[in-house]
Amino acid sequence: MHRIKILFLTALILSGNVYSDQITDRLEKYVQEELDKKDESFRKKLDECLSVYKKYFWKDKRLEKELEEKGCKPYIKEYERLIEKATEKYQKDVEKQMQELEKKYQEKVSKGKSIDLSVKAYGYTIEGKNFIFFRVNADPEKFGILELKSKGETQLSPSCLTQDAIWIFFPADKKNYSLKLFLGNRKELKNIKGLKDLAGLKDVYILKINLKVKGFSPIKLSKIRTGKKFRLSLNTPVIPYGFASYDFVGIKKEFPPFSAPENPCRKPVLFVKELPDSVYIRLIVEENRTVMNRDFRVY
């Protein structure tokens, strides 16, 4: 079998793509199929040209010179075209496979078991943006989030955990939401590496939620001196992340985490010896179709 690893892998690296060994082998197979369509004289000359790459480092000037002297440029150019053609074929195969896996996953989700868990929601506003924080009384050792949907569309759903609940936060443009929260077995979710694993999930649970908040209260910070320390308190039950900043010395002190199996929420209370220059909480927002973390100043 005609081996094509040297230039093939070099082309992949230079293109900025990273492939696993398994994917690389599959791409090599497609390239080989294209090479098999060429005549023997082309393959023989290509072998000769590829052997030149073994003699020099990639940027060695002697490499370019010897390729030129041996008349390799047309063969290398044609080889690159074959690689591109094979890659396009591979991408089409992958897209088809992904669509099939997505279909299987959605079928699995649609057949999920209905589950009944209590939910409590809070509405907050900061810097002109509204958010809903809501608590799902689900054992974080047992359940993990697959996705959150609103009217069939996936809803932005960053989350964190306390010892006895899952908390979800999302930007809100209204007070009422009809949601479906899809949960899986946490132990099973820990082994998920891709859509193939998602499509093979054993257990999927569906929690239907009619979410409603009365309004959106401004997020505020209160400061109380207690002995030799200051108690900084937010008017929220939890926060995803927050910190006090001492700008002059470049020090940040984080709000303490709850006890949780992973991804802990932060307690809304922080004790400090000196008042900070500023205090921030971090929330996820979507701006111009881009999801990002944003630090909101509360003090």
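The questions below cover a pocket, a strand with its partners, and some aromatic contacts.

Visitor: What kind of model is this?
Guide: Keep one point in mind for every value here. The coordinates were not taken from an experiment in this discussion; the model is predicted.

Visitor: What volume does the second largest pocket have?
Guide: The pocket lining includes Lys129, Phe131, Asp173 and Glu287. The volume of this second largest pocket is about 210 Å³.

Visitor: Which elements give two or more residues to the lining of the second largest pocket?
Guide: Among the lining residues are Lys129, Asn130 and Phe131, and also Val285, Glu286 and Glu287. The elements in question are β3 (129–136) and β16 (278–287).

Visitor: How do the residues of that lining divide into nonpolar, polar and charged?
Guide: Lys129, Asp173, Glu286 and Glu287 are in the lining, and Lys, Asp and Glu count as charged. Asn130 and Gln155 line the pocket too, and they fall in the polar class. The division is 6 nonpolar, 2 polar and 4 charged.

Visitor: Which residues of β13 point the other way from Gly242, Ala244 and Tyr246?
Guide: In a regular strand, side chains alternate between the two faces of the sheet. In β13 (residues 242–246), 5 of the 5 residues are buried. Gly242, Ala244 and Tyr246 point one way, and the other way point Phe243 and Ser245.

Visitor: Which residue in β16 stands opposite Gly242?
Guide: β13 and β16 are joined by 4 bridges and run antiparallel. Opposite Gly242 stands Ile281.

Visitor: In β14, which residue is the bridge partner of Ala244?
Guide: β13 is joined to β14 (residues 251–254) by 4 bridges, again in an antiparallel run. The partner of Ala244 is Lys253.

Visitor: Which residue in the turn between β13 and β14 has a positive phi?
Guide: The two strands form a hairpin with 4 residues between them. A phi of about 70° belongs to Gly250.

Visitor: Which residue lies over the face of Phe243?
Guide: Phe243 is one of the buried residues of β13. At 4.6 Å from its ring centre lies Lys252.

Visitor: How many aromatic pairs does the structure hold?
Guide: Phe42 and Tyr75 form one of the pairs, at 5.5 Å centre to centre. The pair links helix α3 (residues 40–52) and helix α5 (residues 73–110), with Phe42 and Tyr75 33 residues apart. The structure's count of aromatic pairs is 12.

Visitor: Is Phe42 buried or exposed?
Guide: The cut-off for buried is under 20% relative accessible area. Phe42 has 9%, so this residue is buried.

Visitor: Why does Tyr75 not count as buried?
Guide: Buried needs under 20%, and exposed needs over 50%. Tyr75 is at 28% relative accessibility, so its class is partly exposed.

Visitor: Which geometry does the pair of Phe170 and Tyr177 have?
Guide: Phe170 is buried, at 0% relative accessibility. Tyr177 is buried as well, at 7%. Planes over 60 degrees apart count as edge-to-face. The rings stand 5.1 Å apart centre to centre with 85° between the planes, so the pair is edge-to-face.

Visitor: How far from the ring centre of Phe258 is Lys267?
Guide: Lys267 lies over the face of Phe258. The distance is 5.9 Å.

Visitor: What separates the C-alpha atoms of Lys89 and Leu27?
Guide: Lys89 lies in helix α5. Lys89 and Leu27 are 62 residues apart along the chain. Their C-alpha atoms are separated by 9.0 Å.

How values were computed: Residues numbered from 1 in each chain as written. Predicted model: local features only at pLDDT ≥ 70, side-chain atom pairs only at ≥ 80, totals over all residues. Heavy atoms only, no water. 1 Å grid on protein atoms, 1.4 Å probe; cavity = no way out; pocket = protein on both sides within 12 Å on 5 of 7 lines; lining within 4 Å. Points joined across faces, edges and corners; volume = space filled by probe spheres on them. Buried < 20%, exposed > 50% of the residue type's maximum accessible area, 1.4 Å probe, protein only. Pairing = 2+ DSSP bridges. Phe/Tyr/Trp six-rings, centres within 6.5 Å; stacked < 30°, edge-to-face > 60°. Lys NZ or Arg CZ within 6 Å of the ring centre and 35° of its normal.
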